[in-house]
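The structure is shown below.

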Amino acid sequence: MIEVKIKDIILVDYIQGGIYMLLIKNGYIYTMKGQVIEGGSILINEGKIVEIGKDIVAPLDAEVIDAEGKMVTPGFIDAHCHIGMWEDGMGFEGDDGNEWVDPVTPQLRAIDGLNPMDRAFEEAYMGGVTTAVTGPGSANVVGGQFVAVKTYGKRVDDMIVKEPVAMKIAFGENPKRVYESQKKSPITRMATAAILRETLFKAQEYLKKKESAVEDPSKMPEYDIKMEAMTKVLKKEIPLKAHAHRADDILTAIRIAKEFDVDITLDHCTEGHLIADILKEEDKPALVGPSLTDRSKIELRNQTFDTPRILHEAGVKIAIITDAPVIPLQYLPLCAGLAAKSGLDEMEALKAITINPAEIIGIADRVGSIEVGKDADIVIFDGNPLKDIDCKTYATIINGEVVYRS
């Protein structure tokens, strides 16, 4: 990775005629598409990247950021967190991530519980994180629908990148603990798997009836909001997003996904390094983390920052996640840096918080790399955020707008 030299930067603000143009010049541009452009420039118009290269001539009415000597990257992406669902510095009043009275709640949508006024969003983009995939927690076997949002905005509807982006499901200790205290199922891993299978089977039957009703309206089933939500999974419009730490839970998640021929991502994947060869064989992506925590429960006993390296070396596509608020979102690059410290190639660590999560989540047409036509979500750093503890975010740009300057 190129070392970044720190020099002064000059900013000139200029907006005219309702058209916002921005030129970033003289930066070390990490496009995340196989190129690092030294002394490169990026021209942005109306929120999109329109030109990348050297010696770009900007219109006279463009704002210019001279990023000489600074590292320029795509905005970072956290592929699994709960930002806005558990609000910062609150208790029950801001806890909107788990409806833990019913183990099957696919009808719940993150957009209805997410508060963009939570100060964690501002801290996220100040740290270079411009996209967050957020949603329900892991109390339930089926928790509800995740959403991908930009981290800057006042209205959720205007921040959405993709919704829904995934259907949250959970294995292991969390649903067991929640429902054991209520003395109802599931209190075993067997019951968790059985409830998920039952839900998917019911959704299959519901979808078959709906499809039959195209020719015979009398066969239209009574509307079921839970099954409506699950049909998106069966039609492969969205994947299952599987909370699974332990190796056997990871493999149960894969087994059920194969039984019902649905897509799945393996989230947390704490013991993924123990079955890296199998995950490569199954060709499933791993969203690894949160690793910067204590081993607070039994299924975390094999937690290590070696996991991303081992999975990558086995050929598994990886993303690194914070599970915020477990780890605050602004520390996503720190987590990637610690994975690099444990042997993951530094460029691969950077990919794990940019282009890889974008591709895994299905939003790479808009974010994750610096390419013409993509959203202008760009961050300028005065050092290397993966390894310089004193590195500061100089500027964060989301949808072509400078939303933060140090």
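How much area is buried between domain 1 and domain 2, and what percentage of that area do carbon and sulfur atoms give? In this predicted model, the two domains bury about 2000 Å² between them, and carbon and sulfur atoms give 63% of that area. Of the area that domain 1 buries against domain 2, Met32, Leu386 and Ile398 supply 31%, more than any other three residues.

The domain assignment places two separate segments of the chain in domain 1, namely 17-74 and 369-405, while domain 2 spans 76-367. Taken over C-alpha atoms, the centres of domain 1 and domain 2 are 30 Å apart. The contact between them involves 25 residues of domain 1 and 27 residues of domain 2.

**Helix packing**

Helix α4 (residues 189-212) and helix α6 (residues 247-259) have axes that come within 11 Å and cross at roughly 20 degrees. Because angles under 35 degrees count as roughly parallel, α4 and α6 are therefore roughly parallel to each other. The crossing in which α4 passes α6 is right-handed. The residues that make this contact are listed by helix.

| Helix | Residues in the contact |
|---|---|
| α4 | Arg189, Ala193, Leu196, Arg197, Leu200 |
| α6 | Asp248, Asp249, Thr252, Arg255, Ile256, Glu259 |

By residue class, the contact of α4 with α6 comprises 4 nonpolar, 1 polar and 6 charged residues. Arg189 and Arg197 of α4 take part in the contact, as do Asp248, Asp249, Arg255 and Glu259 of α6.

How values were computed:
Residues are numbered from 1 along each chain as its sequence is written. This is a predicted model: local features need pLDDT of at least 70, side-chain atom pairs count only at pLDDT 80 or more; totals for chains, interfaces and linings use all residues. Side-chain values use heavy atoms; hydrogens and water are left out. Axes are lines fitted to C-alpha atoms, for helices over the stretch in contact, and angles run from 0 to 180 degrees between N-to-C directions. Helices (H or I, at least four residues) and strands (E, at least two) are DSSP runs, numbered from the N terminus. Angles under 35 degrees count as roughly parallel, over 145 as roughly antiparallel, 65 to 115 as roughly perpendicular and the rest as oblique. A crossing is left-handed if the near helix is turned anticlockwise from the far one by less than a right angle, and right-handed if clockwise. Contact means heavy atoms within 4.5 Å. Ala, Val, Leu, Ile, Met, Phe, Trp, Tyr, Cys and Pro count as nonpolar, Asp, Glu, Lys and Arg as charged, and the others, Gly among them, as polar. Domain bounds come from an automatic or database domain assignment. Buried area is the accessible area (1.4 Å probe) that two parts lose on being put together, summed over both.
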